[in-house]
Amino acid sequence: MSAPARFITFEGIDGAGKSSHIEAVAQALEEAGHRLLRTREPGGTELAERLRELFLHERMDALTEALLVFGARRDHLVRCIEPALAEGRTVLCDRFTDATFAYQGAGRGFDLAVLGQLESWVQQGRQPDLTLWFDVAPEIAAARRAGARAPDRLESEESAFFERVRAGYAARAVAAPERFVCIDAGQSLEAVRADALAIVRARTASPGSAA
Ligand SMILES: Nc1ncnc2c1ncn2[C@@H]1O[C@H](COP(=O)(O)OP(=O)(O)OP(=O)(O)O)[C@@H](O)[C@H]1O
Ligand SMILES: Cc1cn([C@H]2C[C@H](O)[C@@H](COP(=O)(O)O)O2)c(=O)[nH]c1=O
């Protein structure tokens, strides 16, 4: 029998290193009997990937950002995430709504109550079962990004923006301690991966299993 489906999200400021660990987490879960869907936001469907390109590269205000990202999310949920969970697949999603509260809410200063309203319309109560928050200082993340790729529109923001985004994630973690786990992403790649795997194994072990 396959393991019960879970919805697991990966969060953090740009360059925190979260994407570097999704493959290892996927492998560990497959070994434990999970059937998986790996996906990302914004994105995950043809339409949402097209919206992602606009989101990452076109100039727009904070309300447009929020509407675009929730539009992409709705398509992603309806066509991809909900069907996968209904089929018993575990979903690993690189970013979800916590990113909207952190980036558009805390980073841009956009109205959190409006984001909350959009969240409830779009998600109809759907929330991740587990959120791994890769927490790191903005200057470390900036150095990692600089060594990795050319910056997109959001990655070009100043350090103070990422300080606010980081504080936004911290506020989300305080508000939902049952699903949020903070990982010290300032450690070596190996140490961060070990922490991520330990948390995922502990939080997905079925009652009565040896894990
Ligand atoms: N713990 C670490 N120590 C040193 N370098 C790291 C660490 N984790 C990731 N990196 C490197 O930092 C860069 C960014 O990593 P990655 O793309 O995983 O970050 P991310 O959080 O997913 O970023 P984004 O959300 O912007 O895509 C990569 O070159 C990666 O190899
Ligand atoms: C879901 C979501 C994402 N963002 C931002 C965060 C990043 O800067 C990009 C996505 O790039 P990544 O390399 O795939 O991490 O989009 C956002 O501002 N709001 C959101 O809801």
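This briefing covers salt bridges, aromatic pairs and charges placed over rings. The model is predicted. Across the whole structure, 16 salt bridges are found, and the aromatic pairs come to seven.

**Salt bridges**

- R153 and E65 form a salt bridge through their side chains, with an N to O distance of 2.8 Å.
- R179 and D98 form a salt bridge in which the closest N and O atoms are 2.8 Å apart. Because R179 lies in the loop between α7 and β5 (180–184) and D98 in helix α4 (residues 97–107), this pair ties together parts separated by 81 residues in sequence. R179 is buried, as is D98.
- E157 and R108 also meet in a salt bridge, at 2.8 Å from N to O. E157 sits in the loop between α6 and α7, and R108 in the loop between α4 and α5 (112–123), so the pair ties together parts that are 49 residues apart in sequence.
- E157 has a relative accessible area of 26% and is therefore partly exposed. R108 is partly exposed too, with a relative accessible area of 27%.
- A network of salt bridges links E65, R108, R153 and E157.

**Aromatic pairs**

- The ring centres of F7 and F96 are 5.0 Å apart and the ring planes stand at 80°, so this pair is edge-to-face.
- F7 has 0% relative accessibility, so F7 counts as buried. F96, at 1% relative accessibility, counts as buried as well.
- One aromatic cluster is formed by Y103, W133, F161, F162, Y169 and F180.

**Charges over rings**

- F162, a member of the aromatic cluster, has R145 over the face of its ring, at 4.6 Å from the ring centre.
- The ring of F101 has the charged end of R172 over it, 3.8 Å from the ring centre.

Conventions. Residues are numbered from 1 along each chain as its sequence is written. Chains are lettered from A and ligands numbered from 1 in the order in which they are written. This is a predicted model: local features need pLDDT of at least 70, side-chain atom pairs count only at pLDDT 80 or more; totals for chains, interfaces and linings use all residues. Side-chain values use heavy atoms; hydrogens and water are left out. A salt bridge is a side-chain nitrogen of Lys or Arg within 4 Å of a carboxyl oxygen of Asp or Glu. Helices (H or I, at least four residues) and strands (E, at least two) are DSSP runs, numbered from the N terminus. Buried means under 20% relative accessible area, exposed over 50%, partly exposed in between (1.4 Å probe, protein chains only). Rings of Phe, Tyr and Trp (its six-membered ring) pair if their centres lie within 6.5 Å; planes under 30 degrees apart count as stacked, over 60 as edge-to-face and the rest as tilted. A charge sits over a ring if NZ of Lys or CZ of Arg is within 6 Å of the ring centre and within 35 degrees of the ring normal.
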